[in-house]
Each structure stands twice: as C-alpha cells, then as structure tokens.
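Visitor: I am new to this one. Could you walk me through it with a few questions and answers?

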Amino acid sequence: MRNRTWLCLAVALVLAGIACLSVGCGSSNANIRLLNATPDEASLSLLVDGKSVASVSYGTASGYMSVSSGSRHLQVEPAGTSNPLIDVTATANSSSNLTLISLSFNISNVVLTDDNSAPSSGNFKLRIINASPGLSAQDVYVEPPNTNIGSLSPTISNLALGTASSYSVLTPGNYEVYFTSPGQKFINLDTGVLSFSAGQIRTLVALNGQSGGYTSAALTDLN
C-alpha cells in the first residue's frame with residue numbers, strides 16, 4: 001500500500017511539472033503575447049517551447065499568455081506551415097510582460113518588455129511602436145484632434161523602425177497621433193481620433209498597410 005501511495009504521488013508530481021513547463025505555474029510566471037506586423041502574412045502562429053499557443057491576424061496582438069519564467073524557445077510560423085519566420089530563445093523574467101513583434105522584409109524580430117503598472121490616478125499611459133518598414137524613422141505628435149502641428153515640437157523624436165517609445169502619462173480624452181519624417185511637418189500617417197479613459201494602458205503601433213500606404217493599431221495592454 002505504501003509503495004502504491006508513493007507511486008501515485010510521483011506520477012502526480014511529474015504531471016504537475018509538465019503542466020508548469022507548458023503554461024507556467026505560481027509566482028515565477030511571465031506573460032507573453034505576439035504582435036503580427038508582417039503585412040504579407042494574414043495569420044501567424046506563436047509557439048512557446050514547441051507548443052502552439054496563439055494564432056494572430058495581421059495588425060493585431062494576441063492576449064497575454066502565462067509561461068514559466070526563464071529561457072523560452074519562441075517560434076513564429078505562418079498559419080498552416082511549419083517553417084518558422086522567427087526562431088529565437090528569449091529570457092522571460094519572473095512577473096514580466098513581453099511583446100514579441102513579427103516584422104517584415106527580413107527585419108529582425110523585436111522582443112519588448114511592457115510596463116503594465118497602473119498609471120497615476122486619473123490618467124492613462126500610452127506607448128508608440130514603429131513597426132512600419134515603409135515609414136522608416138518618424139517624429140510622432142500626440143495632440144488633441146485636428147491640431148495644426150506646424151509650430152509644434154514632436155512628442156517623440158526620430159522613433160526608429162522596430163523601437164518603442166517610453167510610456168507617456170496623459171490626461172484622458174480624445175487624441176490624434178501624427179507621424180512625420182524627422183524634422184518635417186508633412187504627415188505620413190494620421191491615426192484619426194482615438195479615445196482614452198483613466199486607468200488604461202495602450203500601445204499604438206504604426207504599420208504598413210496590406211494594400212499599400214500606412215495604418216495603425218491600438219493594442220490593449222491593461223483595461
């Protein structure tokens with residue numbers, strides 16, 4: 001009877017270990033999501049340690065998925081294939097939130113650490129990512145709708161491809177985000193009016209349009 005009890009306990013521990021490896025357990029977890037910024041791939045699959053965990057349409061991001069902290073094998077494949085566009089090993093620190101960006105035109109992938117700590121009371125947080133190879137580096141203006149930027153300094157200067165700004169803490173309300181070539185005022189991308197509420201954390205991404213031109217996507221990081 002004692003041997004049988006120990007055998008059952010051993011099996012239970014092994015199964016628990018497998019579950020932790022696959023989806024993460026306890027306080028040592030990290031969270032990861034995939035942003036599909038590859039315009040010629042309508043859908044991408046994210047694999048963590050060889051296991052498919054998400055399918056992501058162009059211009060969108062998956063929800064955060066819990067994984068065990070430590071070294072994680074990350075792969076991104078076009079839907080229905082087994083030919084990775086991305087095949088990297090990344091370190092997921094305990095309690096961290098990561099965004100893996102699949103870019104295009106053989107540009108290296110990007111793994112960003114997200115700051116999902118709450119904004120100061122009554123405000124929201126906004127981060128900008130340049131994921132548009134067609135735009136190259138950009139000045140970014142975050143302004144009230146219909147603002148004439150002619151005499152203004154950019155909110156973010158020279159935001160390079162594949163990089164993210166720091167988080168801006170802003171008053172809730174309506175905003176419009178404009179992207180221009182550095183030092184110039186001709187608007188390459190206008191997001192249109194965006195509404196933000198207190199407590200929200202958002203990431204705004206500049207993207208190549210699938211049919212030409214440029215577009216943007218607002219990702220929900222928190223709330």
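This is a predicted model: local features need pLDDT of at least 70, side-chain atom pairs count only at pLDDT 80 or more; totals for chains, interfaces and linings use all residues.

Visitor: Is S102 buried or exposed?

Guide: You will find S102 in strand β7, which covers residues 97-102. Leaving out residues up to four places away in sequence, S102 touches several others, including L34, L44, V76 and I86. Its relative accessibility is 1%, and buried means under 20%, so S102 counts as buried.

Visitor: Which side chain makes a polar contact with the side chain of S102?

Guide: A polar contact needs N or O atoms within 3.5 Å. For the side chain of S102 there is such a pair at 2.9 Å, and the partner is the side chain of T38.

Visitor: Which residue forms a salt bridge with D49?

Guide: Side chains of opposite charge can pair when their charged atoms come close. The whole structure has five salt bridges. D49 sits in the loop between β2 and β3, and its partner lies 23 residues apart in strand β5. With the closest N and O atoms 2.6 Å apart, that partner is R72.

Visitor: Which residues are linked with R127 in a network of salt bridges?

Guide: R127, in strand β9, and D114, in strand β8, are 13 residues apart in sequence. Their side chains meet in a salt bridge at 2.8 Å, N to O, and both residues are buried. The network links R127 with R33, D114 and D221.

Conventions: Residues are numbered from 1 along each chain as its sequence is written. Side-chain values use heavy atoms; hydrogens and water are left out. Helices (H or I, at least four residues) and strands (E, at least two) are DSSP runs, numbered from the N terminus. Buried means under 20% relative accessible area, exposed over 50%, partly exposed in between (1.4 Å probe, protein chains only). A polar contact is a pair of N or O atoms within 3.5 Å; within protein, one must be able to donate a hydrogen and the other to accept it, and residues adjacent in sequence count only if both atoms are side-chain atoms. Contact means heavy atoms within 4.5 Å. A salt bridge is a side-chain nitrogen of Lys or Arg within 4 Å of a carboxyl oxygen of Asp or Glu.
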